[in-house]
Amino acid sequence: RLNATRLRRIPAAAAIAVGVVSGAASGAWAGERADLPLGAGWRFHQGDVAPGKQGGPEAPAFNDRGWASVSLPHTWNHLGGTAQRTADYNATRGAGWYRLRFTPPANYAGRKVWLQFDGASINAEVWLNGVKLGAHQGAFGRFRFDATAALKMGKPNVLAVRTDNSSPAAAGSPTAEVIPMSGDFFLFGGLYRAVSLIATDPVHIDMMDSGGPGVYAHTASLDGAAGIEVDSRVTNDGAKAQPVVVKTAIVDAAGATAASDSQPLTVAPGTVAEPQQTLTVPNPHLWDGRSDPYLYQVVTRVETAQGQLLDQVTQPLGIRSFRFDPDQGFFLNGKHVALHGVSRHQDRPGKGWAISPADQAQDMDIMLDLGINTLRLAHYQHDQAIYDLADKDGVVVWAEIPLVNRTAPETPEGDKGVTSPGFAANAESQLRELIKQNYNHPSVVTWSIGNEVNLMAAAGHGVSNARPLLTRLNQAAYELDHTRPTTMADCCEPWPDQPKPGVDRVAEITDLLGYNRYQGWYYDKAEDLGPVLDRLHALHPRLPLAVSEYGAGGALSQHTDQVQAGTSQGGVVYPKGHFHPEELESRLHEIWWAQLKARPYLWGTFIWTMFDFASDSRTEGDMIDTNDKGLVSYDRTVKKDVFFFYKADWSDQPVLHLNGRRYVDRAYPVTDVEAYSNAASARLSLNGRDLGAAACPDHVCRWPAVHLDAGDNVLTATAEIKGQSVSDSITWRFAGKPDEIHIRAGASAGLISAAGARYGSDAFATGGEPHDRNPAPEQGRPDKTIPPVTGTPDPKLYETYRAGAFGYRVPVPAGRYQVTLRFAEPMLAAGARAFDVAANGHVVLQHLDVAAEAGGPLAALDRTVTVEVTGDGGLALDFRPVTGPALVSAIDVVPAR
Ligand code: GCB
């Protein structure tokens, strides 16, 4: 038996100096691996450099004194998370050069020395002392080069790295065959993950196995006892045959050896031996998801026949079984677990992908606080830190490669569906890296081989012919790992009765399938999600299905006053424009989650997405270059309201959260108040006045039609949750008049007119559709310049409108009102549109032709009528089409003087 305490000792050599090592470390070689982080002291230059007298930057004598001093992780790209392009805005894609002078310890002499890159984007070329060690293509996998021959032990060395994150679509791009070809996320450039120098004995556990650890363990049988199969790769880079003993131990969380095995063998020079060992853990403590994520370690040592240590690798082991059922979902260790979680991108404002271990830990903490039990690491391999945390915290992981939007290189004519050999080889090599490098993580349960691979074709850009490559990747995944099923995320499967020419069907290649669904956001209605899933389930009855994405944008500065419960239609602003009110994100999730929760056949659901992230193809919400579908802001400081909706359902902690806290300056004197809670009911007070208790069905507590006070309104909710008293307070301000209403049709709240009126969002409407004449450009398209509406000091007020046959029911008390209706014809000439407007049943505007009366399209037209409101039914306005749809941009209701 092996001595576990000894096995877990930190190798002495690892304690050697960090960063630029100024002097050679002394001391004898400990016989164990030495890992020297190369994080500090780099020089960086963005772009290529014309070679000087001394050669290019790869030449040791090259003068880099003018270059910036940087440390790793590093990127030169900074974008996303801002409302405006700032001075340091930098989305430049192309070359970035890095140089480092360092002195490795003299006692590395006689050892093998490896340069390890945990990730470099997108392509990397590496020179050591002017000798080219190699190149790597792909932004996400770990890779290593053998630095032994080029390295000078105990002396100054010069390491030069050229990274290149050119867009694959650029003419002659070096990334033309490197996946992904495109995607709704920015590919930050540079050495954005750690770099280190690793020294091993010439006889060592394989360092050149696609960045993998060289030791691969899986649970081969689990039946009372666990049979753990461990496959290792032992390399002999020495000159003569080496007899060794491969000793593998399974060490439990307390450090005790639970099982061990020794295998003697002789490794011929220049070869890799592949010992297989089967160890039996008698009474295994299972890795049981979030409730009990128990971890063992697999410790593999290569020793000489005399017991001298040559190399050692430690890997995580979680003993568990799992399966997916097309009707019942996911089972972990024989028990059903409803997997609910999120997708995550790895970037942050200012840092891009160059994030720290503390950032990784903070992300996981926020996700655990939300109550996830599953995580999709989209759309590529993430840093090892996050898989380690998922192991430790019991989060079930979907891991994937960045095969996104298409399966063929870009051509000027779009996707021709022809996967080039280089493209296929790159996809396969990124898959091999993903699987090899993450094989031992018990958290990972499935390998995804693609995301929305026929999106471009479905959107009319070329044709897709994805099946051949997907079939090849699927087969490769089985060969690399027969213990985990494959999956992918599909967007665009054509219905059998509605074939889409040029779009091939990709379902039923992988063992599992996820659908990315945006019902009510990009298409259809939110209520359609469940029925669409049922149809897909019926279409693929033997295929376990997940919802791999669903989500909506949520801008922190955009708000609506009332988003009618139970419908994604009335009162909701047009989502495809630049309005992404936070309240709409919340409402859509309420509607979606009710439908998802009611479908136990889904093996998992993944919100798109946990955090806002950078996407340079977007201008929408309240930020540029940002996808704002996160439950949490890009900088991780703001949990949007909808975060608490899910937390109330998923977490054991008491949740009571008043919604709308970022919509402080309220436009309407009367509004619903809402809280998310896992209490049965909650009480509300306003400025100390009790407004009574409301029940909280499905975690939503609602107090309808609350009248606000002039000035500050302190709202306090209180509840008892599991015997604990909880409360939440927010303050709103109301600076308007209690009997005035200013409605901006088709828009969110907050516009203040030149005359000082504060407009609320498009509330109180039924029927019609909200429109935005100046919507955000569609993804990837340049900004359109749209002429402003003329004849008004408030052109923005006329940019949006509601159109169709529709009405407004405005809650004002009895009295005489001046009602001003504001119009601008968006595009039609005079004669093409006419409609009537009725107020409380009486036609007040007849056959209104806005273009004719305003003198053409894009000119403001205001009409003021006086209306008597009797009783407490409020003001009813009806817009009745005569020719074409009726429309209105704004409605002002003020008492008649
Ligand atoms: C998708 C993509 C994802 C996008 C998302 C969106 O279907 O898979 O990469 O970010 O939609 O927000 O549109």
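Start by selecting Lys629 and the ligand: a polar side-chain atom of Lys629 sits 2.5 Å from an oxygen atom of the ligand. On its own the ligand exposes 320 Å², and the protein buries 93% of that; accessible areas come from the Shrake-Rupley method with a 1.4 Å probe, and for residues only the protein chains shown count as cover.

Before you go on, know that this is a predicted model: local features need pLDDT of at least 70, side-chain atom pairs count only at pLDDT 80 or more, and totals for chains, interfaces and linings use all residues. Residues are numbered from 1 along each chain as its sequence is written, and side-chain values use heavy atoms, with hydrogens and water left out.

**Stop 1: around the ligand**

How many residues surround the ligand? There are 13, and the closest are Asp184, Glu452, Tyr522, Glu549 and Lys629. To be near, a residue needs a heavy atom within 4 Å of the molecule. By class, this shell holds four nonpolar, four polar and five charged residues. Here Ala, Val, Leu, Ile, Met, Phe, Trp, Tyr, Cys and Pro count as nonpolar, Asp, Glu, Lys and Arg as charged, and the others, Gly among them, as polar.

Now click on Asn451: an N or O atom in its side chain is 2.9 Å from an oxygen atom of the ligand. Do likewise with Asn516, where the distance from a side-chain N or O atom to a ligand oxygen is 3.5 Å.

**Stop 2: Glu493**

Next, pick Glu493, in the loop between strand S30 (486-490) and strand S31 (513-516). Strands (E, at least two residues) and helices (H or I, at least four) are DSSP runs, numbered from the N terminus.

Is Glu493 buried or exposed? Its relative accessible area is 9%, so Glu493 is buried. (Buried means under 20% relative accessible area, exposed over 50%, partly exposed in between, with a 1.4 Å probe and protein chains only.)

Show its side chain and you'll find a polar contact of 3.0 Å to the side chain of Arg505, plus another of 2.7 Å to that of His540. A polar contact is a pair of N or O atoms within 3.5 Å; within protein, one must be able to donate a hydrogen and the other to accept it, and residues adjacent in sequence count only if both atoms are side-chain atoms. Leaving aside neighbours within four places in sequence, Glu493 is also in contact (heavy atoms within 4.5 Å) with residues including Ala507, Tyr515 and Leu536.

**Stop 3**

Select helix H9, residues 641-650. Nine of its ten residues are buried, so H9 is largely enclosed by the rest of the structure. Among the buried ones are Phe643, Phe644, Phe645 and Trp650.

Then step back to Arg636, in the loop between strand S35 (623-627) and H9. Arg636 has a positive phi of about 70° although it is not a glycine. Most residues other than glycine have a negative phi, and most peptide bonds are trans.

**Stop 4: two cis bonds**

Go to Ser121 and Ile122, which are joined by a cis peptide bond with omega about -15°. Another cis bond runs from Ile179 to Pro180, with omega near 5°. Pro180 is in the loop between strand S9 (157-164) and strand S10 (195-200).

**Last stop: strand S51**

Finish with S51 (residues 875-883), joined by five bridges to S46 (residues 800-810), which runs antiparallel to it. Strands pair if DSSP finds at least two bridges between them. Look for Tyr808, whose bridge partner in S51 is Leu877. S51 also pairs with S48 (residues 834-839) in the antiparallel sense, over six bridges.
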